[in-house]
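Trainee: Could you walk me through this one? I'd like the ground rules before the details.

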Amino acid sequence: QVQLIESGGGLVQAGGSLRLSCAASGRTFSTYAMGWFRQAPGKERDFVAAINYSGSGTYYADSVKGRFTISRDNAKNTVYLQMNSLKAEDTAVYYCAARITNRSERYYTTLSGYNYWGQGTQVTVSS
């Protein structure tokens, strides 16, 4: 069983920055593909960013490309989402997700690609 705990959300003005963290349990974090998704009120949960197990491959939704950066520290069992130039439309609950892999270099961009989810952290961007 993998447990994921997000942190770092909050209220920020448009144009500001936040860094989300997701701490994962388990001794095999280095084999997990990781992703970030978000869900605004009344909307579906959408893909934001993904990273493969080694950190060598990343992928972003068009809406955040150039503003958000996903990274991981396997020594700390943590994945990060650096969010810059935030906009009001980035307001959502952000969820961390994990998929245990066999060290495949793949990353995953769909909800069904992940087995484990965190509880979410709220990000609110005021305009």
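Mentor: Let me start with a term: contact means heavy atoms within 4.5 Å. This is a predicted model, where local features need pLDDT of at least 70 and side-chain atom pairs count only at pLDDT 80 or more, while totals for chains, interfaces and linings use all residues. Residues are numbered from 1 along each chain as its sequence is written, and side-chain values use heavy atoms, with hydrogens and water left out.

Trainee: OK, which residues is Arg-67 in contact with, beyond its neighbours within four places in sequence?

Mentor: Those are Gln-82, Met-83, Asn-84, Ser-85, Leu-86, Lys-87 and Asp-90. A polar atom of the Arg-67 side chain also lies 3.0 Å from the backbone oxygen of Ser-85.

Trainee: And is Arg-67 buried or exposed?

Mentor: Arg-67 counts as buried because its relative accessibility is 11%, the cut-offs being under 20% relative accessible area for buried, over 50% for exposed and partly exposed in between, with a 1.4 Å probe and protein chains only.

Trainee: How many bridges join strand 3 and strand 8?

Mentor: Strand 3 (residues 18-24) and strand 8 (residues 78-83) pair over six bridges, and Ala-23 stands opposite Thr-78 in strand 8.

How values were computed:
Two strands pair if DSSP finds at least two bridges between them. Helices (H or I, at least four residues) and strands (E, at least two) are DSSP runs, numbered from the N terminus. A polar contact is a pair of N or O atoms within 3.5 Å; within protein, one must be able to donate a hydrogen and the other to accept it, and residues adjacent in sequence count only if both atoms are side-chain atoms.
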